[in-house]
Amino acid sequence: MFFDGHELLLLQYAKRLTLHPSSTGKNNIELLQKNGLGDGEIVEVNQVAASFCYANRSVLGLVTTTKADELGLSPNNSHDADDWNLA
């Protein structure tokens with residue numbers, strides 16, 4: 001799958017923010033805005049990228065693992081993949 005237009009610009013911004021956060025500047029935001037992206041879209045991509053960076057660095061930095069965990073299961077019943085009760 002190939003990306004172009006807004007999607008490509010947002011992916012490039014997320015990549016820069018992830019790999020080179022200190023080199024991400026106002027000019028990167030202005031480029032997105034000049035290409036028709038709204039502030040809400042920019043903030044959303046920023047927050048998603050930042051959240052994943054935080055989570056990944058936390059897991060890697062604490063040398064934790066998800067081994068033996070079944071990802072995606074309800075936190076209240078990790079033995080039954082069909083139980084999505086939140087209470």
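1. Let's start with a word you'll need: a residue is buried when its relative accessible area is under 20%, exposed when over 50%, and partly exposed in between, using a 1.4 Å probe and protein chains only. By that cut-off, buried residues make up 17% of the 87 residues in the protein chain.

2. A quick caution: this is a predicted model, where local features need pLDDT of at least 70 and side-chain atom pairs count only at pLDDT 80 or more, while totals for chains, interfaces and linings use all residues. Residues are numbered from 1 along each chain as its sequence is written, and side-chain values use heavy atoms, with hydrogens and water left out.

3. Now the overall layout. The protein chain has 3 helices and 0 strands, in the order α-α-α along the sequence. Helices (H or I, at least four residues) and strands (E, at least two) are DSSP runs, numbered from the N terminus. Of the contacts (heavy atoms within 4.5 Å) with a separation of 6 or more, 40% come from residues 24 or more positions apart.

4. Next, look at how α1 and α2 pack. Their axes come within 10 Å and cross at roughly 170°; axes here are lines fitted to C-alpha atoms, for helices over the stretch in contact, with angles from 0 to 180 degrees between N-to-C directions. On the α1 side you'll find Leu9, Leu10, Tyr13 and Arg16, and on the α2 side Asn28, Ile29, Leu31 and Leu32. This set divides into 6 nonpolar, 1 polar and 1 charged.

5. Leaving aside neighbours within four places in sequence, asparagine 28 touches Tyr13, Arg16 and Ser23.

6. Finally, helix α3, residues 39–61. At 1.5 Å a residue, its 23 residues should span 33 Å, and the end C-alpha atoms are 32 Å apart, so the two values agree. (The expected span is 1.5 Å times one less than the number of residues.) Which residues of α3 are buried? They are Ile42, Val45, Ala49 and Cys53, and what covers them includes α1 (5–19) and α2 (26–34). After α3 comes valine 63, with a positive phi near 50°.

Key
The expected span of a helix is 1.5 Å times one less than its number of residues. Ala, Val, Leu, Ile, Met, Phe, Trp, Tyr, Cys and Pro count as nonpolar, Asp, Glu, Lys and Arg as charged, and the others, Gly among them, as polar.
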